[in-house]
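This report goes through the domains, a sheet, the ligand surroundings and the confidence of one model. The sequence and structure come first.

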Amino acid sequence: MLDTFPVPSNTACARLGLLARIGRFLSTEDDAASALSEVLRWLDRDQGYARGVVTLLNDAEDEIAADITAAGVPTDTGILMRYRPGEGITGRAIATNTPIYLAGVKPKDGFLDRSGLRQGLDLARLAFFCVPIQYRGKAVGALSADRPLSDVGDPEGDLRLLSEVAYLVGPFVQRRRLEDRLEAYQRVHVATFDRLVGRSPAMEAVTRLAAKVAGVDTSVLITGETGTGKGVLAQLIHDLSPRRAGPCIEVNCGAIPESLVESELFGHEKGAFTGAAARRAGVFERAQGGTVFLDEIGELPPAVQTRLLRVLQTKRFERVGGSETIVSDARIIAATNRHLEGDIVAGRFRSDLYYRLNVFPIHMPPLRERGKADMMLLADAFVERFSREMGKTIVRIDTPAIDMLTAYHWPGNVREMENVIERAAVMAEGDVIHGHHLPPSLQLNRYQTKPGQGASSEDRGFADRVANFEIELITEALKDTSGNQSQAAKRLGLSKRMIQYKIRLYGIDWQRFK
Ligand SMILES: Nc1ncnc2c1ncn2[C@@H]1O[C@H](COP(=O)(O)OP(=O)(O)O)[C@@H](O)[C@H]1O
Ligand SMILES: [Mg+2]
């Protein structure tokens, strides 16, 4: 076999032998990461290309991660080894889809060595090679390595060999990218499941944006009506971010008295104001390495807006009554249910702060715009949760109740539905939630007598509730009898003529039970 003969490493024959061996090896390998790692080891052992790294362009093509080294797949360093396309030598090789050779690395070359593999080495004496890895002609990653400058006779030849290797590993890098995408997707899926229920396109878009922005420190502004899940989303972004091990401190800017907001956020020195008996660290100080979630940011008093803007711009602040400047390293997520643009026009909110916060806006759609499927997913999730918490065994929501839940316009959004289902779970005697377990606001919405019918509005409310109860009974009976009107009537102790009359009166779509 070729690889059993000792051949001088720099001969064309040896290089061809290495390529042949890599080709053969890859054709039998399944695990992309370990195969790539093995190839890097061979490059080092047989040809003297040290500290080889395979770098991957992520799926969104907005980030490059030094993913695989000869030692395998790094776990902890992964966060450090991230580049933007175009950044560093590797980023440039990928962005321009051309090989790069540096005869000795000088600081001005833009060499970042985020992998940290070359710490303590004399970079000026290293020859550095970086070749793009292509898949179907497109750069999807890079292969980089170095060797002592004194060993390099034919750098063009080196780049040619490495490009050939890059060509062979292209499909493996592509596979690894797909695996990464799957892992990232699963991570997001596991983190969001239960907490951010909903699979409508509008909610999928929100989750995608959240997953995307989580990886970077950009500030996020979450907008949306009250009860749409802005708080849930903020926590989710934190949990998906590299800061997940750090604190996530929430401040409701509208709930703290104006005079105390400043000291809550930035802390105070002893004696800064009456009642400041001791020095106290503020939220920004305590959230080092983590996230500050500023809820109801529109309620922030003007003086505090100014200080917050400074934190965003310079990362610096002082405690109230103090002169020591503290550097903040917290990531900021803000939320509001107000139209801040209107507040800016009215002079209540600083426009510069708004633009600084609004780098990455995410809008939480109101529940009524998410569609019936999402409403049902949420209702089911809440039924399951409250049933469990109350030690009940509620297993389903009946059809009339589903109709009422999905027809309602939910001004209080998800929070309102949460409350409605909790109430229904308390009311339910058996294992089914019926329409009459839902609050009157949903009942009236479903069947309303036309004006003129019934005397006073109180009478009408009563008549409507009776009507809704009738609708519910008839719908259930029709469902149980697969839309057979005679059988349904018999079950309810009604005449056939009576049930036909009620079906027509209430506009019940009996055909759908057939
Ligand atoms: N998509 C969702 N899936 C499950 N629960 C949700 C969802 N959105 C919101 N909730 C729940 O609804 C309530 C209101 O959410 P919250 O984040 O406080 O809304 P907001 O901050 O927009 O007023 C919370 O109890 C939260 O757990
Ligand atoms: Mg909230």
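## Domains and their contact

Two residues are in contact if their C-beta atoms, placed from the backbone, lie within 7 Å. By that criterion, in this predicted model, 8 residues of domain 2 are in contact with 8 residues of domain 3. On the side of domain 2 that touches domain 3, the residues comprise 3 nonpolar, 4 polar and 1 charged.

The domain assignment divides the protein into domain 1 (2-184), domain 2 (201-365) and domain 3 (368-513). Taken over C-alpha atoms, the centres of domain 2 and domain 3 are separated by 42 Å.

## Surroundings of ligand 1

The shell around ligand 1 consists of 15 residues, and the closest are V197, G229, K230, G231 and V414. Two elements, α6 (230-240) and α14 (413-427), are those that give two or more residues to this shell.

By residue class, the shell around ligand 1 holds 5 nonpolar, 7 polar and 3 charged residues. Domain 2 (201-365) and domain 3 (368-513) each supply at least three residues to the shell.

## A parallel sheet

An open sheet is formed by 5 strands, ordered β8-β11-β14-β7-β15, with parallel pairing. The edge positions are taken by β8 (248-252) and β15 (360-363); each has a single partner strand, so one side of each lacks a neighbour in the sheet. On average, neighbouring strands of this sheet are turned by 20° against each other, direction ignored.

Strand β7 (residues 220-223) pairs with strand β14 (residues 331-336) in the parallel sense, over 4 bridges.

## Confidence of the model

The average pLDDT of the protein is 87, and 90% of the residues score at least 70. Over residues 76-80 the pLDDT stays under 50, and the model has 5 contacts beyond four places in sequence for them. Residues 451-455 also have a pLDDT below 50, and this stretch has 4 contacts in the model beyond near neighbours in sequence.

Conventions. Residues are numbered from 1 along each chain as its sequence is written. Chains are lettered from A and ligands numbered from 1 in the order in which they are written. This is a predicted model: local features need pLDDT of at least 70, side-chain atom pairs count only at pLDDT 80 or more; totals for chains, interfaces and linings use all residues. A residue is near a molecule or strand if its C-beta atom, placed from the backbone, lies within 6 Å of it. Ala, Val, Leu, Ile, Met, Phe, Trp, Tyr, Cys and Pro count as nonpolar, Asp, Glu, Lys and Arg as charged, and the others, Gly among them, as polar. Domain bounds come from an automatic or database domain assignment. Two strands pair if DSSP finds at least two bridges between them. Axes are lines fitted to C-alpha atoms, for helices over the stretch in contact, and angles run from 0 to 180 degrees between N-to-C directions. pLDDT is the predictor's confidence in each residue, from 0 to 100.
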